[in-house]
Amino acid sequence: QPLEVLESIRLNQLGFYPDGAKKAAVVDMDGVETFLVVSDKDNRVVYRGNLSDQRSSSFSDRVTRIADFSDMTATGHFRLVLPDRGQSYSFAIDPSVHEDLSKGALKAFYFQRMSTELLPEHAGEWARPTAHPDDRVKVHASAASAERPEGTILSAPKGWYDAGDYNKYIVNSGITMGTLLAVYEDFPSFAKKLGIGIPESGNDIPDLLDEILWNLEWMLAMQDPYDGGVYHKLTTAKFEGRVMPHQATSQRYVVAKSTAATLDFAAVMAQAYRVYQDFMPDLANRCLEAALKAWDWAEKHPDVLYRQNEMNERYKPEVTTGAYGDNDVADERNWAACELYVSTRDNRFLSHIELDNIAFELPGWRTVGWMGYYSLLRFRDQLSDFPQGDMDRIQEVLLKQARHYASHAREENPYQVVMGQDAKDFVWGSNSVAANQGIALIQAYFLTEEKEYLDMALANLDYIMGRNATGYSYVTGYGHKTPRDPHHRPSGAEPDKAPIRGLIVGGPNPGQQDGCDYESKIADESYVDDYCSYASNEIAINWSAPFAYLTLGVEAIKGG
Ligand code: 9MR
């Protein structure tokens, strides 16, 4: 009779590469020393191993032991068995084990599209009517100018819903787009062959670039053509309720220009110029022009910070949706300067690149400086005017961080992953921290070809897919124990359907800012699969993008 499935066996719920690391973490299980791997096909034992010594969590009193069967190379479907105790979920060993996930991670953006209906042939059971045309958006009082006074009607359609809400925010679109454009720059051949079944599939540009274009066109419309400044967001005054997109019809506004939004915009447009050059040269040139205009605005307005509370004291209606406020725009300036420099090779931008203080800072919506350094490193062989000593220093800072990540995972982490070296990793959207650490490691792998960096990037993908302290695969519809009730309005408004597939939720966040009922306050366990929990169970484009990078990147390198 079948063994009981033990949720205390934590592993990537999709599986492993034949030539890759294969590890499971066994949590809090006394008196077990050995494990078996059993084939689903005929129940034969194909591998026997011993569990590692025990490691303790630094956040809780949990202890874990690792079952390492990395040297197993047979393909097929298997379970890991702890004799007399039980077994894991079934998993695959397959040379393209993350191919379907790669498609799902990208397709997630299609499901976030606004201003269009989703047809059954692309969206299946999640087909829905068109919504948010955004062709009659009002200029909010905070954004009024001589040419565009308060109440002026603008058109800024398309774009993706930011997250579980129905608004669009330039700052968050910035890092999202930069990350997705980097997928193309780092993995062009894999990206070209990845078909995801969207309306544009089969045209002469890769689906990835078709999807990015949907949001790029919206971003372009967020620039004030009169002065080059970029509005911070396009939003309703308050968040809409738990309804389908077409039922969310409140008035929408463009709100206040900001330096952060304008610099992020400049960076994205400069990078888009490179990426679209071969496919849509006119659009590419338009992007570069827009980037240059945005840069000039930011030079004239170096510190227009978005402060929602102060804004609400002066202007009506009050705006209470996501703020994405950032008090330090030096890193945004660095990112824009790097992208503009790489795209134009104009030394005027070189002098704005931060070269005195290049401490590593993991990319996030508020911290984008390293997005720029990644681009410099990506093109280092072509940047002959760039001071080589500085380039070497940037590279060394990154490699030092990568070595630190790898040694933490190898020597200390109870799941042998990079994620969770510090309670500070478990912020709102912590899963994007795991994914962005994976991206940093892939950059290090590109520079050194050291396999350990790639292994550790894959370890963080394993973390996201189940080798973690809650035992969830944090991606809807991929794995056995996955979020069923994400904070995502289009999923939450139709509770009888499975949530839209391929969405990565925020993940453990002991901040618990939503005040929902959590079972645990422990840093790496503070997660609840409940619509209520926007602080641990929301989905967002800036989490989906690094997740897509990590999944596609690993699959492009290892599978492909
Ligand atoms: O991801 C954002 C997180 O870093 C902030 O701490 C949080 C509170 O300001 O906001 C998060 O972003 C949300 C945004 O404000 C509105 N759309 C949903 C985003 C994800 O929760």
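Start by selecting Gln512, in the loop between helix 15 and helix 16 (helices are DSSP runs of H or I, at least four residues, and strands runs of E, at least two, numbered from the N terminus). This is a predicted model, in which local features need pLDDT of at least 70, side-chain atom pairs count only at pLDDT 80 or more, and totals for chains, interfaces and linings use all residues. Residues are numbered from 1 along each chain as its sequence is written, and side-chain values use heavy atoms, with hydrogens and water left out.

Gln512 has a positive phi, near 45 degrees, and is not a glycine. Its relative accessibility is 16%, so Gln512 counts as buried (under 20% relative accessible area; exposed is over 50%, partly exposed in between; 1.4 Å probe, protein chains only).

Next, select Ser533, in the loop between helix 15 (489–492) and helix 16 (541–559). Ser533 is buried because its relative accessibility is 0%. Leaving out residues up to four places away in sequence, Ser533 touches His487, Asp514, Cys516, Tyr518, Val528 and Glu538 (contact means heavy atoms within 4.5 Å).

Move to Lys158, between strand 12 (153–154) and strand 13 (168–169) in a loop. Lys158 is another non-glycine with positive phi, about 70 degrees. With 25% relative accessibility, Lys158 counts as partly exposed.

Then show Lys316 and Pro317: the peptide bond from the one to the other is cis, with omega near -10 degrees. Pro317 sits in the loop between helix 8 (308–314) and helix 9 (330–344). Most peptide bonds are trans, and most residues other than glycine have a negative phi.
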